[in-house]
Amino acid sequence: MHNRHERNSGAYFGEYIAGMGGSMEDYREKINQYVSMEKEVLDSLSADDINEVMNILENARIGRKRIFICGNGGSASTASHLECDFNKGISYNQEVKYDIECLSDNVPMIMAIANDIGYDDIFVVPLKNKLKKGDIVIGISGSGNSRNVLKAFEYANELGVDTVAFTGYGGGELRRIAKYNIHVPVDNMQIVEDVHLILNHMMMFILSGMKGC
(Lines give C-alpha, C1' and ligand atoms only; values in the text may rest on other atoms or scores of the structure.)
Protein backbone atom coordinates (compact mmCIF):
# COMPACT_ATOMS: atom_id res chain seq x y z
CA MET A 1 0.00 0.00 0.00
CA HIS A 2 1.41 3.39 -1.03
CA ASN A 3 1.42 6.28 1.42
CA ARG A 4 0.06 9.68 0.47
CA HIS A 5 3.53 11.11 -0.12
CA GLU A 6 4.32 8.33 -2.63
CA ARG A 7 0.98 8.85 -4.44
CA ASN A 8 1.48 12.61 -4.55
CA SER A 9 5.06 12.22 -5.79
CA GLY A 10 3.91 9.90 -8.57
CA ALA A 11 1.08 12.21 -9.53
CA TYR A 12 3.40 15.22 -9.55
CA PHE A 13 5.92 13.40 -11.73
CA GLY A 14 3.18 12.40 -14.16
CA GLU A 15 1.95 15.98 -14.35
CA TYR A 16 5.53 17.19 -14.86
CA ILE A 17 6.11 14.76 -17.74
CA ALA A 18 2.79 15.70 -19.33
CA GLY A 19 3.69 19.37 -18.99
CA MET A 20 6.92 18.73 -20.86
CA GLY A 21 4.95 17.25 -23.74
CA GLY A 22 5.90 13.65 -22.92
CA SER A 23 3.98 10.57 -21.82
CA MET A 24 4.41 8.38 -18.75
CA GLU A 25 5.01 4.68 -19.40
CA ASP A 26 4.19 1.98 -16.89
CA TYR A 27 7.28 -0.25 -16.55
CA ARG A 28 6.22 -1.94 -13.32
CA GLU A 29 5.37 -5.31 -14.85
CA LYS A 30 8.75 -5.48 -16.60
CA ILE A 31 10.52 -4.34 -13.44
CA ASN A 32 8.85 -7.16 -11.51
CA GLN A 33 9.75 -9.66 -14.25
CA TYR A 34 13.42 -8.69 -14.04
CA VAL A 35 13.47 -8.89 -10.24
CA SER A 36 11.74 -12.29 -10.34
CA MET A 37 14.28 -13.59 -12.85
CA GLU A 38 17.16 -12.41 -10.65
CA LYS A 39 15.66 -14.08 -7.56
CA GLU A 40 15.20 -17.34 -9.45
CA VAL A 41 18.82 -17.31 -10.63
CA LEU A 42 20.14 -16.52 -7.14
CA ASP A 43 18.18 -19.46 -5.75
CA SER A 44 19.77 -21.76 -8.34
CA LEU A 45 23.39 -20.99 -7.42
CA SER A 46 25.52 -23.79 -6.02
CA ALA A 47 26.48 -23.05 -2.40
CA ASP A 48 29.01 -25.89 -2.66
CA ASP A 49 30.80 -24.24 -5.58
CA ILE A 50 30.84 -20.85 -3.86
CA ASN A 51 32.11 -22.37 -0.62
CA GLU A 52 34.88 -24.18 -2.50
CA VAL A 53 36.04 -20.99 -4.21
CA MET A 54 35.98 -19.03 -0.94
CA ASN A 55 38.26 -21.62 0.64
CA ILE A 56 40.61 -21.51 -2.34
CA LEU A 57 40.87 -17.73 -1.99
CA GLU A 58 41.34 -17.83 1.77
CA ASN A 59 44.09 -20.45 1.44
CA ALA A 60 45.86 -18.17 -1.03
CA ARG A 61 45.66 -15.27 1.42
CA ILE A 62 46.94 -17.32 4.34
CA GLY A 63 49.71 -18.73 2.16
CA ARG A 64 50.63 -15.19 1.03
CA LYS A 65 50.06 -16.06 -2.62
CA ARG A 66 49.06 -13.60 -5.31
CA ILE A 67 45.67 -13.61 -7.04
CA PHE A 68 45.28 -12.19 -10.55
CA ILE A 69 41.82 -11.35 -11.88
CA CYS A 70 40.60 -10.28 -15.32
CA GLY A 71 37.54 -9.65 -17.44
CA ASN A 72 36.20 -7.47 -20.26
CA GLY A 73 33.61 -4.69 -20.17
CA GLY A 74 31.21 -5.13 -17.27
CA SER A 75 33.24 -8.13 -16.16
CA ALA A 76 36.33 -5.89 -16.02
CA SER A 77 34.51 -3.54 -13.65
CA THR A 78 33.49 -6.50 -11.47
CA ALA A 79 37.09 -7.72 -11.45
CA SER A 80 38.29 -4.28 -10.37
CA HIS A 81 35.55 -4.10 -7.74
CA LEU A 82 36.58 -7.47 -6.31
CA GLU A 83 40.20 -6.35 -6.07
CA CYS A 84 39.08 -3.30 -4.06
CA ASP A 85 36.71 -5.21 -1.79
CA PHE A 86 39.22 -7.95 -0.97
CA ASN A 87 42.40 -5.84 -0.75
CA LYS A 88 40.77 -3.17 1.39
CA GLY A 89 37.42 -4.44 2.68
CA ILE A 90 38.49 -7.87 3.90
CA SER A 91 42.18 -7.16 4.44
CA TYR A 92 42.06 -3.91 6.40
CA ASN A 93 41.88 -5.55 9.83
CA GLN A 94 43.71 -8.75 8.86
CA GLU A 95 47.34 -9.33 9.73
CA VAL A 96 47.74 -11.47 6.59
CA LYS A 97 46.14 -9.56 3.76
CA TYR A 98 44.92 -10.37 0.26
CA ASP A 99 47.26 -9.56 -2.61
CA ILE A 100 44.97 -9.25 -5.64
CA GLU A 101 45.86 -7.55 -8.91
CA CYS A 102 43.23 -6.72 -11.52
CA LEU A 103 44.82 -7.15 -14.95
CA SER A 104 41.99 -5.14 -16.52
CA ASP A 105 43.02 -1.94 -14.72
CA ASN A 106 46.38 -1.13 -16.33
CA VAL A 107 45.15 0.80 -19.37
CA PRO A 108 48.58 1.75 -20.82
CA MET A 109 49.74 -1.87 -20.60
CA ILE A 110 46.51 -3.14 -22.18
CA MET A 111 46.76 -0.63 -25.03
CA ALA A 112 50.42 -1.41 -25.66
CA ILE A 113 49.81 -5.15 -25.83
CA ALA A 114 46.63 -4.78 -27.91
CA ASN A 115 48.37 -2.43 -30.36
CA ASP A 116 51.69 -4.26 -30.68
CA ILE A 117 50.70 -7.90 -30.21
CA GLY A 118 46.93 -8.37 -30.14
CA TYR A 119 43.90 -7.93 -27.90
CA ASP A 120 43.76 -11.66 -27.20
CA ASP A 121 47.09 -11.35 -25.34
CA ILE A 122 46.29 -8.44 -22.97
CA PHE A 123 46.04 -10.70 -19.90
CA VAL A 124 48.45 -13.50 -20.69
CA VAL A 125 51.44 -11.19 -21.32
CA PRO A 126 51.47 -9.66 -17.80
CA LEU A 127 50.86 -13.12 -16.35
CA LYS A 128 54.01 -14.36 -18.05
CA ASN A 129 55.87 -11.60 -16.19
CA LYS A 130 54.38 -12.27 -12.75
CA LEU A 131 52.53 -15.57 -12.29
CA LYS A 132 54.16 -18.15 -10.04
CA LYS A 133 53.15 -21.61 -8.86
CA GLY A 134 50.77 -21.37 -5.93
CA ASP A 135 49.17 -18.18 -7.25
CA ILE A 136 45.57 -18.07 -8.52
CA VAL A 137 44.01 -16.70 -11.70
CA ILE A 138 40.35 -15.61 -11.66
CA GLY A 139 38.55 -14.98 -14.94
CA ILE A 140 35.12 -13.38 -15.23
CA SER A 141 33.24 -13.90 -18.50
CA GLY A 142 29.49 -13.88 -19.04
CA SER A 143 29.74 -15.97 -22.20
CA GLY A 144 32.73 -18.01 -21.05
CA ASN A 145 34.28 -17.51 -24.47
CA SER A 146 36.36 -14.33 -24.13
CA ARG A 147 39.53 -15.26 -25.95
CA ASN A 148 41.86 -13.10 -23.85
CA VAL A 149 40.56 -14.67 -20.63
CA LEU A 150 40.87 -18.15 -22.15
CA LYS A 151 44.51 -17.52 -23.08
CA ALA A 152 45.24 -16.43 -19.52
CA PHE A 153 43.68 -19.66 -18.22
CA GLU A 154 45.52 -21.81 -20.74
CA TYR A 155 48.84 -20.35 -19.59
CA ALA A 156 47.88 -20.75 -15.91
CA ASN A 157 46.91 -24.36 -16.53
CA GLU A 158 50.28 -25.00 -18.17
CA LEU A 159 51.98 -23.79 -14.97
CA GLY A 160 49.69 -25.88 -12.79
CA VAL A 161 48.17 -22.75 -11.22
CA ASP A 162 44.61 -22.93 -9.83
CA THR A 163 42.06 -21.19 -12.05
CA VAL A 164 38.68 -19.88 -10.91
CA ALA A 165 35.98 -18.87 -13.40
CA PHE A 166 32.79 -16.85 -12.97
CA THR A 167 30.58 -17.68 -15.96
CA GLY A 168 27.04 -17.36 -17.29
CA TYR A 169 24.98 -18.68 -20.22
CA GLY A 170 26.21 -22.22 -20.94
CA GLY A 171 29.60 -21.52 -19.40
CA GLY A 172 31.49 -21.67 -22.67
CA GLU A 173 35.05 -22.91 -23.00
CA LEU A 174 36.09 -21.14 -19.80
CA ARG A 175 33.84 -23.34 -17.69
CA ARG A 176 35.38 -26.42 -19.30
CA ILE A 177 39.04 -25.51 -18.72
CA ALA A 178 38.72 -23.83 -15.29
CA LYS A 179 39.67 -25.90 -12.26
CA TYR A 180 36.95 -24.19 -10.21
CA ASN A 181 33.82 -22.50 -11.50
CA ILE A 182 30.85 -20.55 -10.18
CA HIS A 183 28.22 -20.72 -12.88
CA VAL A 184 25.24 -18.39 -13.27
CA PRO A 185 22.79 -20.44 -15.35
CA VAL A 186 20.87 -17.82 -17.33
CA ASP A 187 21.04 -16.51 -20.90
CA ASN A 188 20.86 -12.84 -19.90
CA MET A 189 24.05 -10.80 -19.68
CA GLN A 190 22.60 -8.21 -17.32
CA ILE A 191 21.47 -10.83 -14.80
CA VAL A 192 24.78 -12.69 -15.15
CA GLU A 193 26.78 -9.52 -14.42
CA ASP A 194 24.44 -8.60 -11.55
CA VAL A 195 24.99 -11.97 -9.92
CA HIS A 196 28.76 -11.92 -10.45
CA LEU A 197 28.89 -8.66 -8.50
CA ILE A 198 26.58 -10.09 -5.82
CA LEU A 199 28.97 -13.04 -5.49
CA ASN A 200 31.82 -10.60 -4.89
CA HIS A 201 29.85 -8.72 -2.23
CA MET A 202 28.64 -11.92 -0.58
CA MET A 203 32.14 -13.38 -0.33
CA MET A 204 33.57 -10.08 0.89
CA PHE A 205 30.88 -9.73 3.57
CA ILE A 206 31.30 -13.29 4.85
CA LEU A 207 35.10 -13.25 4.77
CA SER A 208 35.19 -9.94 6.62
CA GLY A 209 33.43 -11.63 9.53
CA MET A 210 29.90 -10.65 8.43
CA LYS A 211 30.82 -7.00 8.97
CA GLY A 212 31.38 -5.58 5.51
CA CYS A 213 33.17 -2.25 5.34
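1. Let's start with the neighbours of Asn200. Leaving out residues up to four places away in sequence, Asn200 touches His81, Leu82, Asp85 and Phe86, where contact means heavy atoms within 4.5 Å. Keep in mind that this is a predicted model, in which local features need pLDDT of at least 70, side-chain atom pairs count only at pLDDT 80 or more, and totals for chains, interfaces and linings use all residues. Residues are numbered from 1 along each chain as its sequence is written, and side-chain values use heavy atoms, with hydrogens and water left out.

2. Where does Asn200 lie? Look in helix α9, residues 189-207 (helices are DSSP runs of H or I with at least four residues, strands are runs of E with at least two, and both are numbered from the N terminus). Asn200 is buried, at a relative accessible area of 0% (buried is under 20%, exposed over 50%, partly exposed in between, with a 1.4 Å probe and protein chains only).

3. Now turn to Phe86, which is also on the list of residues that Asn200 touches. The ring centres of Phe86 and Tyr98 are 5.1 Å apart and the planes meet at 75 degrees, so this pair is edge-to-face (rings of Phe, Tyr and Trp, the last by its six-membered ring, pair if their centres lie within 6.5 Å; planes under 30 degrees apart are stacked, over 60 edge-to-face, the rest tilted). Phe86 sits in helix α4 (residues 74-90), while Tyr98 is in the loop between α4 and β2 (100-102), twelve residues apart.
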